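Please read the following points with the model open beside you, and check each one as you go.

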Amino acid sequence: MDRIGKRALLTGASGFTGRYVRAELESRGYLVYGMGARTADGSEGVEICADLRDSEQLASVVQDVRPNVVVHLAALAFVGHAHVNDFYEVNLVGTRNLLKALSESGVAPEAVLLVSSANIYGNASEGTIDESVKPAPANDYAVSKLAMEYMASLWRDQLPLIVARPFNYTGVGQSANFLVPKIVDHFRRRAKSIELGNLDVWRDFSDVRFIAQVYGDLIANREAVGQVVNVCSGVALSLREIIMMCEEIAGYHINVKVNPDFMRANEVKTLRGDPALLRRLTGAGHGPALRKTLEWMLAA
């Protein structure tokens, strides 16, 4: 795909992931039209303030931009968000509004990447998770993402859809509401102690820069259209190992207090994504090792 002069519509452009995906797309020659609730700093592209819940506004945006590719990141992602209905209004209805606007616009994008979540697999499946594992969402965020996937299938004959299911990832700029940034923040402040849940669980973590790279690779590959793809490293690390890495990097020991309120009943010990399909479609490796990501975050 010749990307020079191509227009990319990027929703959620001002969010944590959006900033990295924007930079990745711009490095590939796309003119990025970043859509979000607020504008982003330092962009060479075009900023659009729009609400996914406003179907008429979205239709106007699509007509104005006439995107060659779409990367749909915009979502309410913090599982602890207090207003449950917001998950469905943004993640489900908002995505439906976008797909409807694209299908009715007369525009023929080459790829529409919808970002779902590995949270749709829930906590019931132990070990390595590939795309064939039966979904078992365990919270409203995950249910809203799985519902989005099912809803999007109604447009598969009309739009070149790709569904990405990212596992955990982190990097500079992620909110301290999330686990790894919370840990990093404590080490950056050289806090004496931190409260966490179960330390002996293993999870698959990637670097946000790797995530941005593979999103760019997926929209560039015609073979990815119609696929549901786990975006993951294939490597699982325990929370205890992450704490030890941060201690080694920061050069001091932190007192970890296990708070029973942070522990989940029947928590799965190991969750690791299977990156086989991702690697076949993109040629991507593991991305930066988590230690390198932690060094980057602690130095920021």
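1. Helices (H or I, at least four residues) and strands (E, at least two) are DSSP runs, numbered from the N terminus. With that in mind, Glu24 is found in helix 1. The model is a predicted one, in which local features need pLDDT of at least 70 and side-chain atom pairs count only at pLDDT 80 or more, while totals for chains, interfaces and linings use all residues. Residues are numbered from 1 along each chain as its sequence is written, and side-chain values use heavy atoms, with hydrogens and water left out.

2. Is Glu24 buried or exposed? Buried means under 20% relative accessible area, exposed over 50%, and partly exposed in between, with a 1.4 Å probe and protein chains only. Glu24 has a relative accessibility of 19%, and therefore counts as buried. If neighbours within four places in sequence are left aside, Glu24 is in contact (heavy atoms within 4.5 Å) with Ala212 and Gln213.

3. Pro160 belongs to the loop between helix 4 (140-152) and strand 7, and with a relative accessible area of 16% Pro160 is buried. Apart from neighbours within four places in sequence, the residues in contact with Pro160 are Pro109, Glu110, Ala111, Val112 and Val225. Pro160 and Val69 are 91 residues apart in sequence, yet 9.5 Å apart in space, C-alpha to C-alpha.

4. A nonpolar core is a set of buried Ala, Val, Leu, Ile, Met, Phe, Trp, Tyr and Cys residues joined through side-chain atoms within 4.5 Å. The largest such core has 33 residues, of which Val21, Leu25, Val71, Leu113, Tyr215 and Ile219 touch the most other members. Helix 6 gives the largest share of this core, eight residues. For Leu113, the contacts beyond four places in sequence include Val71, Tyr215 and Ile219. A second, separate core of 26 residues includes Ile48, Leu58, Val112 and Leu161.

5. The axes of helix 5 (residues 179-188) and helix 7 (residues 239-250) come within 10 Å and cross at roughly 30°; axes are lines fitted to C-alpha atoms, for helices over the stretch in contact, and angles run from 0 to 180 degrees between N-to-C directions. Helix 5 is therefore roughly parallel to helix 7, since angles under 35 degrees count as roughly parallel, over 145 as roughly antiparallel, 65 to 115 as roughly perpendicular and the rest as oblique. In this contact, Leu179, Val180, Ile183 and Phe187 of helix 5 meet Leu239, Ile242, Ile243, Cys246, Glu247 and Ala250 of helix 7.
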